Every structure is written in structure tokens, then in C-alpha cells.
Amino acid sequence: MTGEQVFVSHAPSDLELVQELFSTVKNFPFGVHIVLEEVGSGRSRKRLEGRLANSDIVVAVLTNRSAGSRWINQEIGYALAKGIPVLPLYETEDLRGGFVSDVEGVKIDRENPSFTIFNLLCRLRGELAPLGAMSVPNWYIRFPCTIPDCGHPVTLDITQGQTKLWKLHQHGQQLTATCDICESKYYFDPATIGFRGREDGIQRSE
């Protein structure tokens with residue numbers, strides 16, 4: 001699971017929602033292309049066709065605000081024509097129509113975004129690294145240690161399956177990663193893989 005590309009198709013009015021739902025997803029070692037972020041960086045929406053064509057999966061965000069968006073409909077149609085899987089991320093069942101009416105998606109729960117992010121990660125994990133009969137695909141995030149003057153790469157390996165991660169979340173437990181150099185420990189929510197805190201390790205002498 002490295003180098004895969006996720007294209008997120010959405011309406012302009014849903015940018016804030018999309019950024020919230022994908023905030024931790026973007027920490028994984030695959031590319032996440034959120035349309036309006038790319039357009040805001042100076043690319044026209046039509047120039048995103050290359051991003052779309054090279055994607056491994058397209059997430060179509062379907063809300064009441066985006067209903068009837070010609071761009072989303074075009075991007076879904078283009079992806080399906082190219083054989084690219086489309087994952088609907090929808091607000092209500094009636095919005096999951098047309099080409100994606102029979103595609104299993106993820107329902108947006110605005111009252112419980114952690115659950116939505118967890119389900120989104122479940123589906124992406126299944127699509128980008130399908131579960132084998134006897135193994136769990138290893139996911140990870142890597143980041144520089146935030147202790148001043150350290151900056152050593154820290155890796156959070158995620159070897160548990162999604163069911164186990166949700167149980168850990170429900171029981172208030174956290175995932176941890178430790179810096180090999182300064183021994184600082186980092187804590188993450190098992191459901192969303194969101195950062196929860198840091199426990200400083202060895203204090204460096206001057």
C-alpha cells in the first residue's frame with residue numbers, strides 16, 4: 001500500500017466536510033487528490049483529468065448540496081468508463097443513484113464523523129489492499145518526530161484489522177508509535193488514526 005492514488009470528487013460547498021473526513025486519510029502513504037484543493041492551487045477543474053485517469057479509486061461525495069452537480073456526474077462516468085472503482089460517500093440513500101446505485105458505499109454521519117472516517121478507511125483499505133484469507137494488509141503512517149532537534153522518522157504500523165481497531169476505539173484504547181532516537185511516544189485514535197497526544201522521552205542534554 002504505497003503510491004496508490006485516491007481522487008475525491010465533490011461539490012464546492014462540501015469542501016469543508018471533505019477536508020474533515022479526509023484529514024487523517026491524507027496521512028497514509030498514498031496520494032489523496034481533493035478536487036477543490038487542487039483547483040485552489042491554480043489548476044482548472046478540467047486539467048484534473050490526468051489525476052482522475054491515474055487514480056486507483058474515485059470517492060464521490062454525494063450530499064444534498066452536490067445533487068445534480070455536472071462535474072461529479074462527469075467524473076463518476078469518466079472513472080467507470082476507464083474501469084476505475086467508484087466509492088460513493090453519501091448523505092442519504094436516495095443520492096446514491098445512477099451508475100452507483102448498486103455500489104456499496106459509506107453513509108455520512110454528520111453527528112458522528114469518527115464513525116464515518118472509520119467506515120471510509122474500511123472501504124479504502126479493502127479496495128487498495130484487499131484482505132487475504134489469512135493475513136491483514138499492513139498499513140502505516142510515517143512522520144517526523146516533533147521533539148525539537150530530533151525530527152527522526154516515526155512509523156505507526158497498523159497491523160490490526162478494522163474490527164479490532166473499532167473495538168479498541170470503543171474501549172478507549174489508543175495506538176502508539178515510539179521514536180527510536182528520543183523514545184518519545186505518540187498516541188492515535190484506532191478508529192480514525194487521528195493524533196491524540198505525545199509523551200516526551202529522553203531529554204537531550206545541552
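Predicted model: local features only at pLDDT ≥ 70, side-chain atom pairs only at ≥ 80, totals over all residues.

Trainee: Okay, strand β3. How many of its residues are buried?
Mentor: Six of its six, across residues 57-62. Buried means under 20% relative accessible area, exposed over 50%, partly exposed in between (1.4 Å probe, protein chains only). Strands are DSSP runs of E, at least two residues; helices are runs of H or I, at least four, and both are numbered from the N terminus.

Trainee: Which residues sit on each side of β3?
Mentor: I57, V59 and V61 on one side. V58, A60 and L62 are on the other.

Trainee: And which strands are joined to it by bridges?
Mentor: Strand β1 (residues 5-9) runs parallel to β3, with four bridges. There, F7 is opposite V58. Strand β4 (residues 86-90) is also parallel to β3, with five bridges. L62 has Y90 of β4 as its bridge partner. Strands pair if DSSP finds at least two bridges between them.

Trainee: New topic. How many residues are in the largest nonpolar core?
Mentor: It has 44 residues, and V6, F22 and L124 have the most contacts inside it. Helix α5 (residues 113-128) gives the largest share, six residues. A second, separate core has 17 residues, including F7 and V86. A nonpolar core is a set of buried Ala, Val, Leu, Ile, Met, Phe, Trp, Tyr and Cys residues joined through side-chain atoms within 4.5 Å.

Trainee: What about rings? How many aromatic pairs are there?
Mentor: Nine. Rings of Phe, Tyr and Trp (its six-membered ring) pair if their centres lie within 6.5 Å; planes under 30 degrees apart are stacked, over 60 edge-to-face, the rest tilted.

Trainee: Show me one. What do F188 and F195 form?
Mentor: An edge-to-face pair, 5.9 Å centre to centre, with 65° between the planes. F188 is buried at 4% relative accessible area, whereas F195 is partly exposed at 48%. Ring pairs also link both of them with F143 and Y186 into a cluster.

Trainee: Last one. Where is D189?
Mentor: In the loop between β9 (185-188) and β10 (195-199). D189 is buried, because its relative accessible area is 6%.

Trainee: What does D189 touch?
Mentor: H169, G194 and R196, leaving out residues up to four places away in sequence. Contact means heavy atoms within 4.5 Å.

Notes. Residues numbered from 1 in each chain as written. Heavy atoms only, no water.
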